[in-house]
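Open the model in your viewer and keep the selection panel at hand. This tour goes from one selection to the next.

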Amino acid sequence: MRPTDWWREQVTKVAEARRHEQPSGRGERITPHMVKEQLANVDDLSSLSLTINEEEVHVFFLDTMVDLTQVYETVFLPLQRSDGKDPLRVLPYAQPCQSDDMGRLMNNLLRGHTILFFLDRELILHVNTFQVEHRSITKSESEATVLGPQDSFVEMLEINLSMLRRRLTTPNLKILAYTIGTETKNRVAVLYLENIANDENVERVKTRIQNVEYQGFVGMPVLKQMLEDKPYSPFPQFGLTGRPDNVTAALLDGRIIIMLNGSPDAAICPASFLEMFSSPEDFYNRWSTASLLRMIRFFGLFVTILLTSSYVSVLTFHPEMLPPALLTILSQSRSQVPFPPVIEVLFIELVIEVLREAGIRMPTKIGQTIGIVGGIVIGTASVQAGLASNILIVLVSISALLSFVPPNFLMSNAIRLVRYGFILMAGLMGMYGQMLMLAFLFAHLLNLTSLGTPCMAPGVPRQWTDLLNGLVRAPMKFIVYRNRMSRAKRKQTRPIGEE
Amino acid sequence: MDRGKIHSLRPVLVVGLVINTMVGVNLLSLAHYASKMGYNLWWSPILMGLIVTLTIFPMIALCRRYPEDTLFRIHEKLLGKWLGRGINVVVIVYAILNASTANEGYVRLLQTSMLNNQTITVPLLGLTLVMFYITNGGIKLVARFCLLALFFTGWMLLLLQYGFQEGGITHIFPLFNTDLASVLDALNQSFGSMLGYEVLLIYYPFIVEKKKALKHVLIGVWSVVLFYVLVLITSVAYFSEWQMANLVYPILNLFKAVELSFMERIENLGIGLWVFLILSTSTTYLWMARTGIEDMARKQRLWHLLLPTAISYYMIRGPLAVEDQRFIYDYVTVYLGYGLILWPIFLLLLHALRSGRGEGA
Amino acid sequence: MMRWICWYLISTVFSLALAGCTGEFERPALEDMAMIGVMGFDYIDDKQMNVVVAIPVPARGKESTQVYSTKASMTSEAMLKLATKSERTMTLSQLRVILFSEELVRKVGIGKVVLDLYRNPIVGENVFIAIVKGKAEDIIRGEYRNKPEVNTYLNDLLRPRVETAFSSFSTIHDFVFMMTSKTGDPNLPYLIKQNGNIQIAKVALLRKDKLIGFYSQREGKLVQCLLGQKRLPRVKFELTEQTNEGERLEEIIFDFVWSKSKVRSNGNQKKPVIDINLELRGVVVGYDGKKNLDKRPQMEKLVKQMEALIKRETAVMLKKFQQEGVDPAGIEESLRQKYYGKWTREKGLALYQQAGFNIKVKLDILGYGTIK
């Protein structure tokens, strides 16, 4: 049995057990008092007892989730002017609550609805008065491009969805909503284009989301890890993006998008390995430039995992591989270094990693200083002190730079991680160790699946047209077929014959 | 992933599987094995290709009659439970031996060329573990790995030009200056490099397009023949006859001829990358052994894979002396291979007899 | 569950392997290795040789060289003895040049030494072999002013360049190839140390692995052309021109940009005839004469004269080789190509010595500089 299956089984067991424990709060009529009791010690609860048109109305809402003016304008004012008419008619957005479903009532209240108890009429209404301050739409920091749309997702699901709706004016864009997280009650939206996306894939996403059992999700990356096929792999199997244009392109290619309230990212599934190396800008650039950049990124992957480890294996095992000129330079710079090459490389690689980490945590201005201080001072000083050879500093810097080239942040992290494996194997068995590790790495990548479809799909092509949008980006004229990876219902991107 | 009988081998995977199972450790010494033929050895792969093609027809014919059964199931159906199982054990042993042959040959080469003051324990352990990992992914992962290995190693054919520049292509003349005895000797010595396509008998049930399987397998086989001919012609141009007869790993020396401005002695990289070819051969055979045990046990357990892996490891690292191992790998394995590629003819006859006598189908 | 166990096993075994083999990390790294760049072999007696090795010592600023020598009968034995003399681990992985003294090559032969190195997988394929006048030790221990350190110097000197393309630049592979091929005699560059310089003076000719003679640079250029070298070094031609004032010597320095040779035999075992077609293209680099090269008839005349000259020179040279019974130009290969049955060197030489030559030269002058 696969661990994911095992995990799901455990989760269902727990969920069922819990369902039996809580026979839900049904049966009893809810009174304002009960609400107050449940929300004791909740400071931002506003509980008002009003008399409107000689009728006693209990009102509950959370100060932090609503705008008081809005509550006044949309709830109180119409009620006051209603002259005792049926509140359901007066308040067009109001909906009745079941008078015995405490759970749902609480849910609504906590989401920023205003709850109204009309005690005389034995009626409970809730009105959506949710209104909070939120971050405005800004440029994407982590996936910045020069050309193309600049907006990026924010932490509000509604705004994110609206950004997508604006781009896809089609009734085929379906948005399924789920609530997950036992404590946080996160709202999750699953988006797909009904006429393009593969039904089986949609079903898979649905079941996986429904089977997730966890207390709460603070961000999409957490949820993504729980939905992925192989959770133990260091490599991401779903795409993660904060850009609406990326998401739109993915939707049009027949992918399924998962978005979480409170997280400015969207997960794209299924996603292929090569897509982690492509940026939306590839389509904004001319095809020739884009192809060059894509090839550099992919080539960078090999260089970054093999460069510093080659230094180790060449210096330790295969000095014969050095041409005479290089040999002279290298042996000069190595002559004072007291460590074996493995230790030397690990040391410098870790220093770079620490610099990167320190740079991220610091405020931007200090971060830059740290970068310069670290890069120049530590680099130069360690070479002059004879702790590392200057060639190694060059190599490590190149490989560090190249490791940041993939547009996908998780992928670039994963690559940096496997690089240490290569360095250790190179220290153990030289060039053979590196190649063995490479074989292992690619066997692992070939074994990865995304929603059951192999991740290395365009690498080992499922159909030859995938290659046009894989390592290279062919001119738009040639990109006629959707990526086979998404197993789309309609294979062509434009109506030629097929439709 | 695909543990069940899912038809998962698409045409391109079949071609990759055939090519990379055949190309393995034996290519390293191919020019040496066939050196009895002197400068004429370059066309020996074509002869071997013809033999292979002839033996593929009965294989496919047999498989067509049992499209959903591996060779192990066919044995049990045709030969009865106990005799069939006996033969199955031999086939499984053959598969394990082949996996060991590939690993052993490669690890010995590593020890002579790249890691010459180390024991083979650690390199072999690493190789075995990666082999285990890939095989654990099932035939589809093996096939996909084969195809990837083809991309990773195929570019090395371009390096042949360095050897080609040096020498005289005119060495191939006179064209047929050899005698039958040398040809037969060369064929016998080097036929080990053509083995690998017989695993077809096991993975046939997994092929998607069974009707075109013959074509795809033949494409694979003749691509291999083409590769071999290219390598051998380069060897002929680059080496003298004495060198081919006396150098154990001519490919190693061909690699050494390459000199790039930023890197010399490319053989370290080349032999390192060869691990892809070795793994693609040994994993296919290991998968074959595992499928055999599974088909006999009729269920899937991890030890079905662990057992052959461990055996193949201890064959090499265990108490067997190197000479005994060489005898097993060079003779026992190859003769078992000859047996296996001719075996389908016998099975076909048996099938004809049984179905003629039985249902009259 | 199964997958978990797999992962667990793999990670355990890997970590065990890593932990158990920490000793492996302490292999000598680059700076702990003494990389021999040049090896020299000198004659002592028929059994023993004097083996000299040069090792560059890396240091910032000025490079220096360590030289060690010992007496041994085999290369590997010499390595064994030398290893204890150095403070670093000696390795042959960066071996670039092997030098043999003329005496050793003449008296003992170098096959044993070369094959011993050829067997060693650490030694590369592109190691240059050369024969030196006098002792190899003198060359290695020599002082060279304004030259790089001796390892670099010798390697650069022997590296194939157009200017010195009259010898074969035999690498260890080439030499083993030529030594074991049954269609020609090996040749090696012959170095002479003079006035603090090393010069590739002429080409040494060997039979199997023993020195039997020399030939000049000029002959070497033709031999290389016949062997199929595409780019030949410059050659000076002298033409005698009949003019009104009597005979006049014209001098031409010609740069061969591209050359092609076709050597074909007629396959006759009794009376073999070998057709040699030389196609040469080149540029006139220096010219001292009266012809107006811009005028077509005069140009054609020059071409004719040079063709005749090259043809005559080739014929004379081949006749000389034939009479001496040596074949540096690999002419026998053309005979082998038409020979069915078991080919041996003796048959080859016998056929070669009977052979008649039929030489054709075709010359194209592609340019003549900027003066007409």
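Predicted model: local features only at pLDDT ≥ 70, side-chain atom pairs only at ≥ 80, totals over all residues.

**Stop 1: the domains of chain A.** Colour chain A by domain: residues 32-128 are domain 1, 157-271 domain 2 and 286-453 domain 3. Now select domain 2 and domain 3 of chain A. Their C-alpha centres are 34 Å apart. Each of the two gives 14 residues to the contact between them. On the domain 2 side of chain A, eight of these residues are nonpolar, three polar and three charged.

**Stop 2: the largest core.** Which residues have the most contacts inside the largest nonpolar core? Select A:Ala439, B:Val130 and B:Val275. The core they sit in holds 268 residues. Next, show helix H16 of chain A, residues 409-447. This helix brings 20 residues, the largest share of the core.

Centre on A:Ala439. Beyond its neighbours within four places in sequence, A:Ala439 touches B:Val130, B:Val275, B:Phe276 and B:Leu279.

**Stop 3: a second core.** Move to A:Phe153, A:Ala189, A:Leu223 and A:Leu260. These are among the 33 residues of a second, separate core.

**Stop 4: chain B against chain A.** Select the contact between the chains: 29 residues from chain B meet 22 from chain A. On the chain B side, pick out helix H6 (121-136), helix H7 (138-154) and helix H14 (267-297); each supplies at least two residues. Colour that side of chain B by class. You will find 21 nonpolar, five polar and three charged residues.

How values were computed: Residues numbered from 1 in each chain as written. Chains lettered and ligands numbered in written order. Domains from an automatic or database assignment. Contact = placed C-beta atoms within 7 Å. Nonpolar A, V, L, I, M, F, W, Y, C, P; charged D, E, K, R; others polar. Core = buried A, V, L, I, M, F, W, Y, C linked by C-beta atoms within 7 Å. Buried ≥ 20, exposed ≤ 12 C-beta atoms within 10 Å, placed from the backbone. Helix = DSSP H or I, 4+ residues; strand = E, 2+ residues; numbered from the N terminus.
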